[in-house]
Structure formats: C-alpha cells, structure tokens
Amino acid sequence: MSPLHALFPNIDWAEIAQACLDTLLMLGGSLLFTLVLGLPLGIWLFLTGRGQLHAKPKLYGVLSLVVNVLRSIPFIILMILLIPLTKAITGVSIGIRGAIVPLVIGAAPFFARLVETALREVDRGVIEASQAMGATTRQIVTRVLLPEARPGLVAATTVTTVALVGYTAMGGIVGAGGLGALAYQYGYNGYKPDYMVVTVALLVVLVQLLQMLGDWLVGRYSRK
Amino acid sequence: MGAFHRSPPPPVIRFEAASKSYKVNGALVPALQPVDLAIEKGEVFGIIGHSGAGKSTLLRMVNLLERPSSGKVLVDGRDVTHAEGADLRRLRAGIGMIFQHFNLLSSRTVADNIAFPLRLQGGTPEAEITARVDELLKLVGLEAHADKYPAQLSGGQKQRVGIARALASKPGILLCDEATSALDPQTTASVLELLADINRRLGLTIVLITHEMDVIRRVCDRVAVLDAGNVVELGTVADVFLHPQHPTTRRFVAEADHREGRGPEYPGIPGKLFRLSFHGDATYSPMLSRVVRDTGVEYNLLSGRVDRIKDTPYGQLTLAMHGERLDDALAQLRAAGVDIEEVVK
C-alpha cells in the first residue's frame, strides 16, 4: 500500500487527473473568449470615457451600466440565468462546454473594467505626443496604448484568470465537472474530507502558479 | 502681380483673431482672447507667460491639438483651422513637438522612439528609417544609447530623444512646450544650445513656450508676453528684455536678473539714477569711461549685468550720476547708441 493511499484512502487518482484536465480545459476555453471579448470592450470603455480620445458620455454610460450589472450578479445566479443562452449557443447547458458561456459572460466585463483601468494608467502626454505626430486612433490603440499598458494588461489577465479558477470551481456545483465538482460531490456531499483537501490543495497550487507566471511576465515587460 | 510687386513670403504661422474658450460646468471660460500673431520662417519665437496665461493653448493651436473657438490659424499661408482626417495628419507630420515631460514611449528603445513618427506615417523603407535614426542620434549626441529604454536615461538625454523624434520626419516647424522646465540649469543650457544649433543648421522655425525669461534671452529672436489670455507685449527679445513695458514683462525680466523682491530704491545716494542699456558692439566699447573723463561727471555703479541676448552682447547698468555737465554726458552717451532711462528714486 502506497503512502499516498494511506494518507488519502478514498481518493481515485484517475478521477482527480480527469478533474484537473476538465478544470484546465474550462479555464483555457473561458480565458480565451474572455480576452477576445473583454479586451475590445475595455478599449471601447476607455476611448469613450470622459475626456478621452472619443469621449461619448451617453454611450459610455450605457456600456458602463451593462458591465456593472453583469459584474454585480453573483456568478452562481448568473449561471442559472444564462441556461437558455448557453443552450442556444452550445446546445448543452452542463459540462465543460456548457460552463464556458457563463464563465465568459461573468469574467469578460470584469476583465474589460481592468483593461480600462490599465489603459488609463498610460501617460496622457504620450497619447498627446502621438496625436501630434499624426497618429490615427487605431495607431494610438495598437502602437501606443496596448504596448505602453502591457504590464498592466498582463496583471489584469492574471487577476481575471485567478477569478476564473474560482468560477470554474463554482461551476462544478451545477454539473460542469472539474476540481470544484469533486470537492463538492465527494468532499462535501459524500463526506470524504481527503477529497476536499486534495482538490483545494490543487486549486491553491494552480492559483499560485498562475500568479507567479503573471508576476514574472509583468516584470519582464516593465520598462519603468 | 509682376516682378515689381513680389510680396514677401507668408509667415510660417499666422493667428488671425484666434481665441479659445472652454466649457466648464456649462459656462464658457475664456482661455485665450483673440490673438493676432505672425511667426516668420526660420525665427525662434518665444511665448512667455505664467501658468494659466494661455501659452500652452496658443502653442497647441499650431498643430490643432487645440482648435480655436473663433478666428483662424494659417500654416504656410494655408488656413488649417478646420483640417480633419488625412489632411490634419499630414499637417501634423510637418510639425515636430517636444514636451516638458518628454512623453517618450516607455516600452520602446531610444532608436524605436525616434523611428516612431516615420513608422506611423508609413511609406519610408526600413533601411531609410535606420539611416535617418542614426543621423538623428548623432545630431543629438546619443549614438551610444540607441538600444536603451527611456527609463535608463537622464532628463536631458530624454529631451534629446524627444528632439530627435520631433525632427525625424523633417518638419519645418518645431513646437517646444516648456521643453526645459523639468531640467536642471546645466542641462537646460545644453538643450537650449542644441535647439539654437538646429535652428541655425536646419533653418527650422521654432516656437517655444516658457515661464523663464532666461530661456527667451538665450535662444529667441522675438517674444510675445501673454498675460491672462492676452498678448500684452510683442517684439524683438532685445527690445522687450531691455525695455519691458507691461508690468508682467517687467516682473519676468526682474526674475531673470535675479532682482525679484528687491525694489529699485537706493536711499541716500547722491545724484540722479539712470539705467543705461547697451546692445551689440556698444557693450564692449569703453564709452562710459571716455564720457566720464570728458565731462567730469561722477558716478556710482549700483547694479549691472553684461550678458548675451541670443548671440548679441548687451549690458544694463544702473548708475547714480552727478556733476555740472550731466546733461552733456547723457547726450554723448545717447549719441553713442546707449539707451538711457531715468530711474525714479
């Protein structure tokens, strides 16, 4: 009998491995779509904000309200509310694919707000200087704002990814699979505390690794 | 128009009753009263004023970072007040600008910062860009720093990168927004020397704004003094510096002479007080001693300064003079080109 088995008598390690894979798949898929949707939304929020390049107070007000509403709904409620939409998009309402829609809709507005904040950190003088050189808005976004805000954007991505880890675990409760589901089903409902310990430990390790990677990238891209 | 009626070339920049107001909480607040001003090709034109006087607004109207609320802006004789889109970008590509806080891209190297406007504007082959960047690095003396990032440079070096970047697309006009205000005096001197050198060598028109009369004195040909959104004085630097008329101008000149806070009071000094201003060759000729010898007047030197306005020497002395032939002495000095003002005790 291996010491691992002695310590965690109830655990099926193959199941843990599958849950890890599921969590990573959910995380990867939802992160990809969160970035793809959240980055342009964040840029849009920034540009239309007060005193910015394309200040449009009314449009900004509407965008900002939508973002706030989506951010204020607890994720677990959001998942339930979004079931019809999830079905329409993916054909299923549970499982990894089913989880990705609510994960993205929960995380993209959050990420967009962080993007907006990161872009606001870019020195206004640098934007003015590029305007004085005859840059178009598109050039200002792609060649000035995004590169100058890169450390902030990487940090925003890290925070969002960590938040998504938490969301995926919650997704487990409504049948999305992954580590969260194991913790809930076996650890809580099945009263197998070793499942709880192992899944939580794995989630802690995952978050820790993500944060370290994010911090390393921020350091790499910082020029200030 | 025939050969006999050739009109002079139009000024490089012309403001025609250009004004600016901002809306603050629904109320219109004037920042700049209607300004009429012509800046000639190849000159170094200074605009001096305190913060909030409107100088930054006036400077930014040239490349339309600020649009006039009324009036016109003409560049090279062309009305650009309402330029938009590609037209506006072309105008801006022909006008370089440097800033108080340099405004370099922190994520790009020195070489990439300098190449930035060329890459933005497109159409320049990469090999040509590299050659141009090398040439500019040499011009501003930063050959050894091409691959550094702005954060690795000193303030003076950053401003040199700013200057190189502003010159990359060979503009005809260079706008300087408080370009030396964040620099220490020694670095200020070297950056101003570089600007003067560029003006001489490239024939570039330079418009600079500052709140320091010393900057104006060192590099400018002409100066406009702005006070509360109005041009209160305009003229050659020598005229404005040696004979300031408006109270604001007088304060600026006093600051440059380090006389701030000291009133022109010399109690108990016998004789009348005069301020003698020399400009050009007269500065170094021994006319004062000659006149004193000839007329037998006596004088006390109370304060004085001999320096340069751009490349021309000048001197300004405050003297207490007395003697029987005082009027004769003053007349002789005036005849020799010395400007004399009596100072009220």
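**Figure 1. Confidence along chain A of the predicted model.** Among the elements of chain A in this predicted model, the lowest mean pLDDT, 78, belongs to helix 1 (residues 3–7) of chain A, and the highest, 97, to helix 8 (residues 137–148) of chain A. Chain A as a whole averages a pLDDT of 91, and 100% of its residues score at least 70. Where pLDDT is low, the predicted coordinates should not be read in detail.

Figure 2. The unreviewed UniProt entry lists "domain: ABC transmembrane type-1" for residues 20–214 of chain A. In the model, this span of residues 20–214 of chain A is 83% helix and 0% strand, and its end C-alpha atoms lie 20 Å apart. The unreviewed UniProt entry also carries the annotation "transmembrane region", which covers residues 24–47, 59–83, 89–112, 153–183 and 195–218 of chain A. Two of these annotated stretches are described here. Residues 24–47 of chain A are 100% helix and 0% strand, with end C-alpha atoms 33 Å apart. Residues 89–112 of chain A are 83% helix and 0% strand, and the end C-alpha atoms of that stretch lie 22 Å apart.

**Figure 3. Overview of chain B.** Chain B contains 345 residues, of which 37% are buried. Its secondary structure comprises 11 helices and 14 strands. The C-alpha trace of chain B spans about 75 × 55 × 50 Å along its principal axes. Of the contacts in chain B with a separation of 6 or more, 69% join residues 24 or more positions apart.

**Figure 4. The contact between chain B and chain A.** In this view, 18 residues of chain B are in contact with 18 residues of chain A. On the side of chain B that touches chain A, helix 2 (85–93), strand 6 (95–99) and helix 3 (110–121) of chain B each supply at least two residues. Helix 3 of chain B provides the largest share, 4 residues. By residue class, the side of chain B that touches chain A consists of 10 nonpolar, 6 polar and 2 charged residues.

**Figure 5. The open sheet 2-1-4-5 of chain B.** In chain B, 4 strands form an open sheet in the order 2-1-4-5, with antiparallel pairing. Strand 2 and strand 5 of chain B are the edge strands, each pairing on one side only. Strand 1 (residues 13–24) of chain B pairs with strand 4 (residues 70–75) of chain B in the antiparallel sense over 5 bridges. Within this pairing, B:Ser19 has B:Ser70 in strand 4 of chain B as its bridge partner. In a regular strand the side chains alternate between the two faces of the sheet.

Figure 6. Strand 1 of chain B and strand 2 (residues 27–39) of chain B run antiparallel and are joined by 9 bridges. One of the bridge partners is B:Leu37 in strand 2 of chain B, which pairs with B:Phe15. B:Val24 stands opposite B:Ala27 in strand 2 of chain B. The hairpin has 2 residues between the strands, and B:Asn25 takes a positive phi near 50° there.

Figure 7. Antiparallel pairing over 2 bridges links strand 4 of chain B to strand 5 (residues 78–79) of chain B. The bridge partner of B:Leu74 in strand 5 of chain B is B:Asp79.

**Figure 8. The open sheet 12-13-11-14 of chain B.** Another group of 4 strands of chain B forms an open sheet in the order 12-13-11-14, with antiparallel pairing. Strand 12 (298–309) and strand 14 (339–343) of chain B stand at the edges with a single partner strand each, so one side of each has no neighbour in the sheet. From one strand to the next, the twist averages 20°. Strand 12 of chain B is joined to strand 13 (residues 312–322) of chain B by 11 bridges, and the two run antiparallel. In this pair, B:Gly304 has B:Leu317 in strand 13 of chain B as its bridge partner.

Conventions. Residues are numbered from 1 along each chain as its sequence is written. Chains are lettered from A and ligands numbered from 1 in the order in which they are written. This is a predicted model: local features need pLDDT of at least 70, side-chain atom pairs count only at pLDDT 80 or more; totals for chains, interfaces and linings use all residues. UniProt positions are given in the numbering used here, feature names are shortened, and annotations may be inferred rather than shown by experiment. Two strands pair if DSSP finds at least two bridges between them. Two residues are in contact if their C-beta atoms, placed from the backbone, lie within 7 Å. Ala, Val, Leu, Ile, Met, Phe, Trp, Tyr, Cys and Pro count as nonpolar, Asp, Glu, Lys and Arg as charged, and the others, Gly among them, as polar. pLDDT is the predictor's confidence in each residue, from 0 to 100. A residue is buried if 20 or more other C-beta atoms lie within 10 Å of its own, exposed if 12 or fewer, and partly exposed in between; C-beta atoms are placed from the backbone. Axes are lines fitted to C-alpha atoms, for helices over the stretch in contact, and angles run from 0 to 180 degrees between N-to-C directions.
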